[in-house]
Amino acid sequence: MKCKRFSGLLAGALSLLLVLPPPLAQAEAEGRLFQPTGENLMISPPAGWRLAYMDGDPEGDYVVDFLPQNEAHDSWREGYMSVQRRTFPEAALRDNIRARNLTMPQVAISEVMQIAQRKCPGRFVPMGQKDSLTNNIPTSVSGGFCDRLGPSAPFGEGSVMAVFEGKERLFVVQFSWRPSTENELKQFAYRISPARLQQFLDLLNAATLCGGPDEGKCPN
């Protein structure tokens, strides 16, 4: 798996779409529940995880977060899952990307991972980038581990992120984890067990689309 590099203008413009959700600590004060309409990504959280936050526009962009049952908004360690629906960039940018024989997920993931590496105040261990089809959805996946992020993650934080290109929307899914101690899972490059990481990848690989053209109705 080989990461591709793009012009800063092209990639930067697309990465602006991938705005991270507000801090989970604000969830109870700002979140609201609703049923999204239109094209949607169907993806399940890990077994036992709960809905922790949701906000946005039922007909437009939104974000929804999941946490393990025993995790708190302001101190999670075991894991965190975010699902975002994003509006496509303007047509000229989409045409520019296609003219380069690229996809929006390829460009977005490459830029986001470069930003993550630059902003890590410690050592960043990157994952390779995989560009493929997930149930006929153009998809790019990558991630990495930053070994120092500050008080909220004193022993670092790892993430794996996927961008899915639907027929009408972009969808961004992120799984993250934080070691609880300095030496927890230090034998693994990304400070997560291979089985746990594979669980997250399996959930990404099971994602499907609904509600869009020729995609079937979304379940309630």
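C120 counts as buried, at 10% relative accessibility. Buried here means under 20% relative accessible area; over 50% is exposed, and partly exposed lies in between (1.4 Å probe, protein chains only). C146 also counts as buried, at 5% relative accessibility. The model is predicted, so local features need pLDDT of at least 70, side-chain atom pairs count only at pLDDT 80 or more, and totals for chains, interfaces and linings use all residues. Residues are numbered from 1 along each chain as its sequence is written, and side-chain values use heavy atoms, with hydrogens and water left out.

**Disulfides**

C120 and C146 are joined by a disulfide. The term stands for a pair of cysteine sulfur atoms within 2.5 Å. By this rule the count comes to 2 disulfides. The second one links C210 and C218.

| Pair | S to S distance | Torsion about the S-S bond |
|---|---|---|
| C120 and C146 | 2.0 Å | about 85 degrees |
| C210 and C218 | 2.0 Å | 100 degrees |

The torsion of about 85 degrees is why the disulfide of C120 and C146 is right-handed. The link of C210 and C218 is right-handed too. C210 is buried, at 1% relative accessibility.

Where do C120 and C146 sit in the chain? C120 is in the loop between α4 (104-119) and β5 (124-126). C146 belongs to strand β7 (residues 137-146). Helices (H or I, at least four residues) and strands (E, at least two) are DSSP runs, numbered from the N terminus.

Now number the bonded cysteines of the protein chain in sequence order. The pairing is then 1-2, 3-4.

**Strand β8 and its partners**

β7 leads on to β8. The two strands run antiparallel and are joined by 8 bridges. Strands pair if DSSP finds at least two bridges between them. G144 has S159 in β8 as its bridge partner.

On to β9 (residues 169-177). It also runs antiparallel to β8, with 8 bridges joining the two. S159 stands opposite S176 in β9. β8 and β9 form a hairpin, with 3 residues between them.

Is strand β8 (residues 157-165) largely enclosed or open? It is largely enclosed by the rest of the structure, because 9 of its 9 residues are buried.

In a regular strand the side chains alternate between the two faces of the sheet. In β8, E157, S159, M161, V163 and E165 point one way. G158, V160, A162 and F164 point the other way. Residues of both groups are buried.
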